[in-house]
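Here are my notes on this model. Please read them with the structure open.

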Amino acid sequence: ELRLSNGTGPCSGRVEVKHEEQWGTVCDGDWTIEDAEVVCKQLRCGSAVQALNRAPFGEGSGPTWLYRVDCRGDESILWNCSHTGWGSFTCPHYFDTGVICSGFSELRLTGGDTACSGHLEVKQEETWAAVCFSQIDFKTASVLCNELECGQAVEVLRGTDFGDRHELIWQEEFHCVGNETHLAHCPRKLHRSKTCSHYAAVVCSGKTL
């Protein structure tokens with residue numbers, strides 16, 4: 001078993017693996033984006049955004065189960081990558097590894113007048129999740145419009161009332177600086193209120209030639 005702990009959601013945090021009924025950590029000898037990619041894929045969390053070392057999500061506890069993990073990036077599970085053996089090396093927990101995954105595989109604007117406007121939705125595994133108005137700001141919209149090749153952000157609007165719809169709601173707020181190339185690369189934190197009153201609607205200027 002595999003999980004990410006102490007992050008903003010299920011798709012970021014300290015890498016922890018369960019072996020012999022006990023949870024432990026992964027030591028950061030040569031921890032790379034290819035290793036993180038396997039973790040994200042195994043957890044169905046989209047693609048890897050960052051591979052982090054030196055306990056970025058705090059120090060874990062228990063054994064350090066894996067050390068010097070070396071993945072190509074196409075393995076289906078982390079322990080199929082080459083490593084030095086389960087629990088072969090006791091590593092201090094300040095070397096625990098962390099991963100930030102995108103958490104989604106696609107994004108789109110739907111229901112707008114043009115292909116470059118509408119409600120923001122992100123794809124989590126096989127389902128689309130709505131993003132709330134309170135989860136994004138103008139800088140985030142700028143990154144989004146750029147990623148969708150839709151020119152500049154024009155405005156972020158309070159979209160239609162969410163009402164009693166039982167759709168999946170994206171669980172994190174985006175806090176983009178504005179110069180990121182992909183929405184997945186923006187800092188995120190857990191959405192404070194689990195409720196959503198309005199969809200986020202974004203209007204981009206349209207295709208840039």
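1. Accessible areas here come from the Shrake-Rupley method with a 1.4 Å probe. On that basis the chain exposes about 10500 Å². Carbon and sulfur atoms supply 49% of that area. Bear in mind that this is a predicted model.

2. Overall build: two helices and 13 strands. The C-alpha trace spans about 60 × 40 × 25 Å along its principal axes. Of the 209 residues in the chain, 46% are buried.

3. Taking pairs at least 6 apart, 68% of the contacts join residues at least 24 apart.

4. Charges: 18 positive and 29 negative. Their mean positions lie 3 Å apart.

5. Helix 1 covers residues 33-42. Its buried residues are Asp35, Ala36, Val38, Val39, Cys40 and Gln42. Strand 1 (2-6), strand 2 (12-19), strand 4 (48-52) and strand 6 (98-101) are among the elements that cover them. Arg44 follows the helix, with a positive phi near 55°.

6. Which residues have the most contacts inside the largest nonpolar core? They are Phe104, Phe174, Leu183 and Val202, in a core of 25 residues. Strand 7 (106-111), strand 8 (117-124), helix 2 (138-147) and strand 13 (198-204) each supply at least two of its residues. Helix 2 gives the most, with four.

7. Look at Leu183. Leaving out residues up to four places away in sequence, Leu183 touches Phe104, Leu107, Thr140, Val143, Leu144, Glu147, Phe174 and Cys176. Apart from this core lies another, of 21 residues, including Val26, Trp31, Ala36 and Cys101. Ala36 is also one of the buried residues of helix 1.

Technical notes:
Residues numbered from 1 in each chain as written. Predicted model: local features only at pLDDT ≥ 70, side-chain atom pairs only at ≥ 80, totals over all residues. Heavy atoms only, no water. Buried < 20%, exposed > 50% of the residue type's maximum accessible area, 1.4 Å probe, protein only. Contact = heavy atoms within 4.5 Å. Lys, Arg positive; Asp, Glu negative; His and termini not counted. Charge placed at Lys NZ, Arg CZ, Asp CG, Glu CD. Core = buried A, V, L, I, M, F, W, Y, C linked by side-chain atoms within 4.5 Å.
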